[in-house]
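Student: Please take me through one part of this model closely, residue contacts and packing included. I would like a connected account.

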Amino acid sequence: MKLVHTVAELREEVAAAKAQGLTIGLVPTMGALHEGHASLIKAANMENDFVVVSVFVNPTQFGPNEDLDAYPRTLEADCKLAESMGANVVFAPAPKEMYPSEDATWVEVTGEITKVLCGRTRPIHFRGVTTVVTKLFNLAQPDRAYFGQKDAQQVEVLKRMVKDLFFNIQLRIMPIVREADGLAKSSRNTYLNEAERKAALVLSRSLKAAKEQYEAGERDAAKITAAVTASIKEEPMSDIDYVEIYALPELKPVAAPMVGSNLLAVAVKFGTTRLIDNVVLEEK
């Protein structure tokens with residue numbers, strides 16, 4: 001496996017792979033890799049001949065008071081994990097490498113899809129995501145790109161971008177990977193102290209109960225979100241940002257009664273750490 005830091009180096013590796021007729025899988029990450037990322041890299045390795053993993057803490061998707069400086073950076077460990085899962089190249093650029101111009105060019109998905117859920121309190125976040133992912137798509141030229149379902153709104157935004165800009169890339173969305181006790185794997189879990197980590201288990205418990213409620217026949221979105229909200233509020237350390245349901249695809253307003261596929265998404269702070277989780281509610 002090669003570790004490269006510049007656009008020129010990555011282009012050279014991609015050109016060599018393309019010259020051999022190899023299919024390319026891309027796994028964009030912000031580093032601090034865990035088992036969730038490992039599952040993406042493993043899937044990319046199984047479905048492609050050549051796998052590129054990007055490790056880049058993208059500054060443009062962080063707001064002024066967010067955790068850009070504190071975000072964990074563990075490149076050496078990331079490379080070991082990526083290599084063990086079958087990556088061929090890790091691309092770890094500096095911010096100046098990805099944003100060479102002082103006045104940046106942006107790729108932005110507009111409309112309600114980027115204004116609800118996390119977009120409501122993080123207004124520049126998805127513009128940063130779509131811009132950096134577009135750059136990575138152009139550099140790696142992948143046949144397939146791999147993302148986790150935990151970032152459900154990001155997934156829907158990227159699907160829209162790929163559709164609207166005619167990217168000839170297949171998005172592969174992989175299931176949420178959880179700890180044995182149910183907590184969704186996240187690089188931000190490292191911020192939690194022991195008490196906060198225990199408190200955060202209320203998220204997966206509440207979502208599991210909501211799914212059971214749905215499978216028992218409940219189709220009133222307001223009743224389901226009210227039950228989840230009440231459950232999370234029983235945990236004193238929780239500070240709810242949102243508990244909401246939107247219709248899939250594209251996070252449209254939910255029907256009454258609920259039909260088809262719907263996303264129940266939550267964002268909750270424990271101490272200073274904001275965690276997200278979700279479950280898809282759909283008839284079997």
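**A closer look**

Tutor: Leaving aside residues up to four places away in sequence, D78 touches G31, A32, L33 and V55. The model is a predicted one, and what follows should be read accordingly. D78 is part of helix α3, which spans residues 75–84. Although buried, D78 forms no salt bridge. With a cut-off of 4 Å for a salt bridge, R73 does not qualify, because R73, the nearest side chain of opposite charge, is 9.5 Å from D78.

Next, the sheet and the helices on it. Three strands make up an open sheet in the order β7-β8-β9, and the pairing is antiparallel. Its edges are β7 (238–247) and β9 (273–282), each of which pairs on one side only. On average, neighbouring strands are turned by 15° against each other, with direction ignored.

Strand β8 covers residues 261–270 and is joined to β9 by 10 bridges, the two strands running antiparallel.

Helix α9, residues 201–215, lies across β8 and β9. Relative to β9, α9 runs at about 15°.

Key. Residues numbered from 1 in each chain as written. Predicted model: local features only at pLDDT ≥ 70, side-chain atom pairs only at ≥ 80, totals over all residues. Heavy atoms only, no water. Pairing = 2+ DSSP bridges. Helix = DSSP H or I, 4+ residues; strand = E, 2+ residues; numbered from the N terminus. Axes fitted to C-alpha atoms, helices over the stretch in contact; angles between N-to-C directions. Contact = heavy atoms within 4.5 Å. Buried < 20%, exposed > 50% of the residue type's maximum accessible area, 1.4 Å probe, protein only. Lys, Arg positive; Asp, Glu negative; His and termini not counted.
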